[in-house]
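Please have the model open alongside.

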Amino acid sequence: MKNSVSQDEAILVIEKFESLPLERRVEIFRELSSQAREQLVETIARPTEIIRKVAEEEMYVSIKELGEENAPALVALTTGRQLVYALDVDLWKKDMFDRRAAGHWLEVLASIGEEKVLQFVQVADPELILTALASFVRVELRNPDVD
C-alpha cells in the first residue's frame, strides 16, 4: 500500500509552505513539474504572489506542457505580461496570424471568465485585437434603403 497523506498532514504542509519567505516559495514552485504547479496554485491561499515572480517564458512553458485547457489555474493567474507573451508566441507563425490558435486561446480565456478576457483586451496590442476579431467577425454597413 502506498504511503498516503492524511488531510491534516496535507493542511500542515500547505501552512508550512505558505509561512516560507516569498523567495523560497518561488524557488519551490520553479522546481515543480507543470502539473504540480497547477495543483499548488489551486491549493494555496495567495498564488498570485508567486506567479508574479515567474518569468513569462517559464509560465508559457508550464501552460503549454499541460495544454491550455488543462491549466486553468495557471492561465487564470497569468499577469498581463505573461499572457501577452503566450499569445505572441502562439498566435503568430512566421509572421502570419494563426486563426486556429487565436480561436483556441479565446475559448480558453472565455472559459476562465470575463475578467481574463478583459485583461486580454486591456494588455494586448490593439493591432492584435483587431486582427483576432477581424478573423472571426464580419462587419458590414446596413443598406439604409432596406428595412
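Is D95 buried or exposed? D95 is exposed, at a relative accessible area of 73%; exposed means over 50%, buried under 20%, and partly exposed in between, with a 1.4 Å probe and protein chains only.

The model is predicted: local features need pLDDT of at least 70, side-chain atom pairs count only at pLDDT 80 or more, and totals for chains, interfaces and linings use all residues. Residues are numbered from 1 along each chain as its sequence is written, and side-chain values use heavy atoms, without hydrogens and water.

**Loop.** D95 lies in the loop between strand 1 and strand 2. K94 is found in the loop between strand 1 (92–93) and strand 2 (96–97). Strands are DSSP runs of E, at least two residues, and helices runs of H or I, at least four, numbered from the N terminus.

The largest pocket has a volume of about 210 Å³. A pocket is an open set of points on a 1 Å grid over the protein atoms alone, where a 1.4 Å probe fits, with protein on both sides within 12 Å along at least five of seven lines; lining residues have an atom within 4 Å of a point. The volume is the space filled by probe spheres set on the points, which are joined across faces, edges and corners.

Helix 1 (7–19) and helix 3 (34–43) each supply at least two lining residues. The lining includes F17, I28 and Q39.
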